[in-house]
Amino acid sequence: MTPDMAVDLTLQPIRRFGMDGAILFSDILILPWAMGQSLEFVPGRGPVLGAVRSQADLDRLDPTRVEQATRPVMETLGRLRKAVDGPEAIGPARPGQVTLIGFAGAPFTVACYMVEGHGSREFEETRRLAYTDPAFFDRLIDLLTTATADMLCNQITAGAEAVMLFDSWSGLLPPSQFRKHVIEPARRITEIINARHPGVPVIGFPRLAGLMAIEYGHVTGVNAMALDTGADMKAVAEKVPDTLVLQGNLDPIRVLAGGEGMRAEARAIRDAMKGRPHVFNLGHGVIPTTPPEHVGDLIKTIRDV
């Protein structure tokens, strides 16, 4: 919500390491907050929201508020686009080298926080509600699907050159629910973005999806699919369309540890993906205590041919 800070935080790794992608500094819970759900970040607890578990709770959400509420985010994107496309290099990055990536939480993952009211390892209340009141849960997912597509389209209009859909908790679902609440919303969101902004890549990240990632890659229509640390990149590559870009998937703990083990595994992932489109990345977020020098060493390893 503070563009000066968000711009600086987004560009810091670009200035230092010359990475090829800059991802908007924001949070997946911006969307429910923008629709009117209470949200507070409590030290030691993380996000705390007013739980949405009834039709009355759902009726209090207003997707028409999102465009106005997220204007600082869109300002951030506009300023970032000028920075990455500007005539002067950003640190070691060359002008035009850096792709600006917008993002949103996928409907199921965002619903987990909205229903639970806080973070969780299992999101029992969310999954119970999906089973005991499927009609209500379907309405929530449908609302989030439309609102997420609209917000991502607004991000593209503001300057994002690609967008990423994070489904961090998709691996909690059995196949039938995964198809309904992960694959289908991602397919609809991608379809809307393709219709409004043809040619803008959509990256999907069904974290911990296991074998369901293969179906996700075939059905959703995303241009790229990010894989978590537990996925075998080569095995997945053999079972998804050749045109699907794969992204990932070095273990973030490897980067925390650093050294030759990190370098060897990074080279193995890179070499396994030779001959097909691949975006090298981690299998999830950077561990906060990771020495920045390890990140620099990793980037050098990947770029050395």
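1. The lining of the second largest cavity comprises five nonpolar, two polar and one charged residue. Here Ala, Val, Leu, Ile, Met, Phe, Trp, Tyr, Cys and Pro count as nonpolar, Asp, Glu, Lys and Arg as charged, and the others, Gly among them, as polar. The residues concerned are F108, R127, A130, Y131, F137, L173, Q177 and H181.

2. The model is predicted: local features need pLDDT of at least 70 and side-chain atom pairs pLDDT 80 or more, whereas totals for chains, interfaces and linings use all residues. Residues are numbered from 1 along each chain as its sequence is written, and side-chain values use heavy atoms, without hydrogens and water.

3. A cavity is a set of points, on a 1 Å grid over the protein atoms alone, where a 1.4 Å probe fits but cannot get out; lining residues have an atom within 4 Å of a point. The whole structure holds two cavities of 30 Å³ or more, a volume being the space filled by probe spheres set on the points, which are joined across faces, edges and corners.

4. The second largest cavity contains about 30 Å³ of space. Both α7 (124-132) and α9 (175-196) supply at least two of its lining residues, and α7 gives the largest share, three residues. Helices (H or I, at least four residues) and strands (E, at least two) are DSSP runs, numbered from the N terminus.

5. The largest cavity has a volume of about 50 Å³. Its lining consists of L24, S26, D27, I30, V73, F103, A104, M151 and Q155. The elements giving two or more residues to this lining are β4 (99-105) and α8 (134-158).

Methods. 1 Å grid on protein atoms, 1.4 Å probe; cavity = no way out; pocket = protein on both sides within 12 Å on 5 of 7 lines; lining within 4 Å.
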